[in-house]
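Subject: Structure for you to look at

Hello,

Here is the structure I promised you. Please open it and keep it beside this email as you read.

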Amino acid sequence: MGFGKTFLACLLAIVVGSILSFFFTIFIIAGFVSSISFLASEPVTIEKNSIMMIDLSKPIVETSSVKFADNFDFDSFSLKKNITTFEAVSMIDAAAEDPLIAGIYIKVSPTVEASLPTLYEVREALGRFRKNSVDKFIVAYGDTYSQGGALSLFGGGQSLFESSGRG
C-alpha cells in the first residue's frame, strides 16, 4: 500500500503543478500582451506654432534591432523606444515643411547616446532646416555639453549656455 500512496501523491503533485504552471504562463503572456497594447500610440495632433523637441538624452541608434533582448529594458521591465538616425533626420526635414511647426528646441544632456556620424547627420538636417525655413528658429540648451552634444548644437541657430559660463 506504501507504493500506491506514494504514486498517487506524486500524480496529484504533478497534476496540481501543471495546472498552476499553466495559469502562471497564461498570466505572464497576458501581462506581455497588455504592456504591448499600451505601446500603441495614438495619432498626434499638431497645433499651430508648435515646437518640436529633440531630446538628446534618449538614444539615437543607426538601425533598429530585431532582437527582443536589445529592445527590452530589464530594469523597468518595459520595451525601449529607440529612434533611428533615419527617423530623426526625417522628422527634422518634415518639420521644415510643416507650417504648424514654429521651431525646434534641442535638449542636450551631458551624455549623448549617439555615434558621431549620427550626430553629424542630425546636424546636417538642422542646417537644412535653418536654410529652408527662414521664419523658424532652432534653440539648443543644456547644463553641460559633451563633444557629441556640442557637435549637434552647432547645427542649431542659437545655443544657450549656463550664466556662470561653466557650460
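Below is what was found in it.

The model is predicted, so local features need pLDDT of at least 70, side-chain atom pairs count only at pLDDT 80 or more, and totals for chains, interfaces and linings use all residues. Residues are numbered from 1 along each chain as its sequence is written, and side-chain values use heavy atoms, with hydrogens and water left out.

Start with the fold. The protein chain has five helices and eight strands. Both are DSSP runs numbered from the N terminus: helices are H or I with at least four residues, strands are E with at least two. Along the sequence the pattern reads α-β-β-α-β-β-β-α-β-α-β-α-β.

Next, burial. Of the 167 residues in the protein chain, 25% are buried. Buried means under 20% relative accessible area, exposed means over 50%, and partly exposed lies in between (1.4 Å probe, protein chains only).

Now look at helix H1 (residues 2-38), where Phe23 is found. Phe23 counts as exposed because its relative accessibility is 54%. Phe23 belongs to a nonpolar surface patch, whose members also include Phe3, Leu11 and Ile26. Together the patch residues have about 960 Å² of accessible area (Shrake-Rupley method, 1.4 Å probe; for residues, only the protein chains shown count as cover). Patch residues have over 30% relative accessible area and no salt bridge; nonpolar side chains (Val, Leu, Ile, Met, Phe, Trp, Tyr) are joined within 5 Å, like charges within 9 Å.

Move on to Asn49, in the loop between H1 and strand E1 (50-55). Phi of Asn49 is near 60°, a positive value in a residue other than glycine. Asn49 is exposed, because its relative accessible area is 54%.

How many salt bridges does the structure hold? It holds one. A salt bridge is a side-chain nitrogen of Lys or Arg within 4 Å of a carboxyl oxygen of Asp or Glu. Here the side chains of Asp93 and Arg128 meet, at 3.3 Å from N to O. The pair links distant parts of the chain: Asp93 sits in helix H3 and Arg128 in helix H4 (residues 116-132), 35 residues apart. Asp93 is partly exposed, with 27% relative accessible area. Arg128 is also partly exposed, at 33%.

Last, contacts, which means heavy atoms within 4.5 Å. Among contacts between residues at least 6 apart in sequence, 72% join residues at least 24 apart.

Best wishes
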